[in-house]
Amino acid sequence: MFEDFDLPRVWPIGTILFNLLFFLIAIPIEGYVYHKRLNFDKKTSIFYAIAVNSFSGVIGWITFFIIEPLLAVPLKAELISYIFFNNFRASNSQGVLILTTFIIFFATFILKFFLLRIFVFVLSEDIGKKKEEPELGQRQKNRFISKINFQDTNLVTTTLIANSLSYTAITAILLIRNNR
């Protein structure tokens with residue numbers, strides 16, 4: 001299986017470094033938003049931001065490596081030109097880039113929401129502890145269901161805000177980079 005495995009001779013060092021820079025930008029921004037909106041302590045907020053961004057980054061790169069061989073040759077040439085030389089060969093590639101950016105943003109948002117939800121559920125300190133729950137009346141059940149729905153809505157909104165702020169910061173850096 002690994003007999004045909006070769007390391008590439010040319011590495012997109014610029015892209016790898018920019019990806020690390022994006023993580024260094026996104027993690028504090030998203031950690032701050034998690035701290036303020038979800039009332040996690042600072043250490044827990046940063047932990048969740050690191051975990052969510054790391055897992056979403058790995059899943060994103062795996063998806064990229066699965067999709068890249070399936071692209072048409074002109075689109076693949078544009079992608080390689082952008083990754084290695086930071087420019088497009090064709091002038092109509094800007095539209096494809098904007099569409100791809102929107103798809104990546106919403107895919108990342110959905111992925112981060114589910115990852116954060118899983119981490120909050122799995123890493124909760126209440127798991128494993130058996131609680132003695134008193135019998136709930138109908139009014140208390142409705143209040144409990146309303147509270148769960150509010151927490152889900154709060155998690156969605158928080159993830160959307162955190163993802164939007166980090167993408168805005170990254171877009172600003174890319175604009176500054178391209179205007180130099």
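Q: Which residues of helix 1 meet helix 2?
A: This is a predicted model, to be clear. In helix 1 they are Thr15, Asn19, Phe23, Ala26, Ile27, Pro28, Glu30, Gly31, Tyr34 and His35.

Q: And which ones in helix 2 do they meet?
A: Lys42, Ser45, Ile46, Tyr48, Ala49, Ile50, Val52, Asn53, Gly57 and Trp61.

Q: How do the residues of that contact divide into nonpolar, polar and charged?
A: The contact of helix 1 with helix 2 has 11 nonpolar, 7 polar and 2 charged residues.

Q: What angle do helix 1 and helix 2 pack at?
A: About 140°. Their axes are 8 Å apart.

Q: Is the crossing of helix 1 and helix 2 left-handed or right-handed?
A: Right-handed.

Q: Why give both an angle and a distance?
A: Two packed helices are described by the angle between their axes and the distance between the axes.

Q: OK, stay with helix 1. How many residues does it have?
A: Helix 1 has 26 residues, running over 13-38. From first C-alpha to last, helix 1 reaches 36 Å. That is close to the 38 Å expected at 1.5 Å a residue.

Q: Which residues of helix 1 are buried?
A: Asn19, Phe22, Ile25, Ala26, Ile27, Glu30, Gly31, Val33, Tyr34 and Leu38.

Q: What comes just after helix 1?
A: Asparagine 39, with a positive phi of about 60°.

Q: Now helix 2 and helix 4. How do they pack?
A: Helix 2 (residues 42-67) and helix 4 (residues 93-122) pack at about 130°, and their axes are 9 Å apart. That angle makes helix 2 oblique to helix 4. The crossing of the two is right-handed.

Q: Which residues make the contact?
A: Helix 2 brings Tyr48, Ala51, Val52, Asn53, Phe55, Ser56 and Ile59. Helix 4 brings Leu111, Lys112, Leu115, Leu116, Phe119 and Val120.

Q: Change of topic. Where is serine 166?
A: In helix 5, which covers residues 138-178.

Q: Why does serine 166 count as buried?
A: Its relative accessibility is 1%. Buried means under 20%, so serine 166 qualifies.

Q: What does serine 166 touch?
A: Ala26, Ile29, Glu30 and Lys112, leaving out residues up to four places away in sequence. Among them, Ala26 and Glu30 are also buried residues of helix 1.

Q: And proline 12, where is that found?
A: In the segment before helix 1.

Q: Is proline 12 buried or partly exposed?
A: Partly exposed, at 24% relative accessibility.

Q: What does proline 12 touch?
A: Ile83 and Phe84, again leaving out residues up to four places away in sequence. Proline 12 and isoleucine 83 are 71 residues apart along the chain, yet their C-alpha atoms are separated by 6.9 Å.

Q: What about helix 3?
A: Helix 3 spans residues 73-85, which is 13 residues. Its reach is 17 Å from first C-alpha to last, close to the expected 18 Å. Just after helix 3 sits asparagine 86, with a positive phi of about 60°.

Q: Zooming out, how many helices and strands are there?
A: The protein has 5 helices and 0 strands. Along the sequence the pattern is α-α-α-α-α.

Q: What share of the residues is buried?
A: Buried residues make up 22% of the 180 in the protein.

Note on methods
Residues are numbered from 1 along each chain as its sequence is written. This is a predicted model: local features need pLDDT of at least 70, side-chain atom pairs count only at pLDDT 80 or more; totals for chains, interfaces and linings use all residues. Side-chain values use heavy atoms; hydrogens and water are left out. Helices (H or I, at least four residues) and strands (E, at least two) are DSSP runs, numbered from the N terminus. The expected span of a helix is 1.5 Å times one less than its number of residues. Buried means under 20% relative accessible area, exposed over 50%, partly exposed in between (1.4 Å probe, protein chains only). Axes are lines fitted to C-alpha atoms, for helices over the stretch in contact, and angles run from 0 to 180 degrees between N-to-C directions. Angles under 35 degrees count as roughly parallel, over 145 as roughly antiparallel, 65 to 115 as roughly perpendicular and the rest as oblique. A crossing is left-handed if the near helix is turned anticlockwise from the far one by less than a right angle, and right-handed if clockwise. Contact means heavy atoms within 4.5 Å. Ala, Val, Leu, Ile, Met, Phe, Trp, Tyr, Cys and Pro count as nonpolar, Asp, Glu, Lys and Arg as charged, and the others, Gly among them, as polar.
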